[in-house]
Amino acid sequence: MNKERRLIELGMEVKRIREEKGISQTQLAYSIGKDQPSINRLKKGNINPSYIYLLQICEGLDIKIKDLLDF
């Protein structure tokens, strides 16, 4: 498994869902108590998010974690 590639794919899936819902990075960040650069780092695959962080992202996107990870 290529860890870097999987993290980029995860970030791109967050971006896809976020854009599909018409939510900006700033709006998502604000809704979960994070800053916009944190969301940007996730999008680029520059961080390996914790389970709790992924749950927060899913809450902000109003999706289930299985929907995020099923790509």
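**Close-up A. Arg6 and Glu9 sit three residues apart in helix H1, about one turn of the helix.** This is a predicted model, in which local features need pLDDT of at least 70, side-chain atom pairs count only at pLDDT 80 or more, and totals for chains, interfaces and linings use all residues. Residues are numbered from 1 along each chain as its sequence is written, while side-chain values use heavy atoms, with hydrogens and water left out. Helices are DSSP runs (H or I, at least four residues), and strands are too (E, at least two), numbered from the N terminus. Arg6 and Glu9 form a salt bridge, with their closest N and O atoms 3.0 Å apart. A salt bridge puts a side-chain nitrogen of Lys or Arg within 4 Å of a carboxyl oxygen of Asp or Glu. Arg6 is partly exposed, at 38% relative accessible area. Buried means under 20% relative accessible area, exposed means over 50%, and partly exposed lies in between (1.4 Å probe, protein chains only).

**Close-up B. Arg5 also reaches Glu9 through a salt bridge, 3.4 Å from N to O.** Both residues belong to helix H1, four residues apart, about one turn of the helix. An α-helix has 3.6 residues a turn, so residues three or four places apart point the same way. Arg5 counts as exposed, with 54% relative accessibility. Glu9 counts as partly exposed, at 24%.

**Close-up C. Lys66 and Asp67 form a salt bridge, their closest N and O atoms 3.6 Å apart.** Lys66 has 57% relative accessibility and counts as exposed. Asp67 is partly exposed, at 35% relative accessible area. The whole structure holds five salt bridges.

**Close-up D. Helices H1 and H3 cross at roughly 125°, and their axes come within 6 Å.** Axes are lines fitted to C-alpha atoms, for helices over the stretch in contact; angles run from 0 to 180 degrees between N-to-C directions. H1 is therefore oblique to H3. Under 35 degrees counts as roughly parallel, over 145 as roughly antiparallel, 65 to 115 as roughly perpendicular and the rest as oblique. H1 makes the contact with Leu7, Ile8, Leu10, Gly11, Met12, Val14 and Lys15. From H3, the partners are Leu42, Lys43 and Lys44. Contact means heavy atoms within 4.5 Å.

**Close-up E. Gln25, Leu28, Ala29 and Ile32 are the buried residues of H2.** Seen down the axis of H2, these residues fall within an arc of 100°, so they line one face of the helix. The arc is taken from the directions that run from the helix axis to the C-beta atoms. H1, H3 and H4 pack against the buried residues of H2. Gly33 follows H2, with a positive phi near 75°.

**Close-up F. Gln25 lies in helix H2.** Its relative accessible area is 13%, so Gln25 is buried. Gln25 touches Arg18, Gln36, Ile39, Asn40 and Lys43, leaving out residues up to four places away in sequence.

**Close-up G. Helix H4 spans residues 51-61 and has Tyr53, Leu54, Ile57, Cys58 and Leu61 buried.** Down the axis of H4, the buried residues fall within an arc of 140°, so they line one face of the helix. The face turned away from that buried side carries exposed Ile52 and Glu59. Among the elements covering the buried residues of H4 are H1 (3-20), H2 (25-32), H3 (36-44) and H5 (65-69). Just after H4 comes Asp62, with a positive phi of about 60°.

**Close-up H. The largest nonpolar core holds 16 residues.** A nonpolar core is a set of buried Ala, Val, Leu, Ile, Met, Phe, Trp, Tyr and Cys residues joined through side-chain atoms within 4.5 Å. Val14, Leu28, Ile39, Ile57, Leu61 and Leu68 have the most contacts inside this core. H1, H2, H3 and H4 each give two or more residues to it. H4 gives the most, with five residues.

**Close-up I. Leu61 is among the residues with the most contacts inside the largest nonpolar core.** Which residues does Leu61 contact, leaving aside its neighbours within four places in sequence? They are Val14, Ile17, Arg18, Lys21, Ile23 and Leu28. Leu61 is also one of the buried residues of H4.
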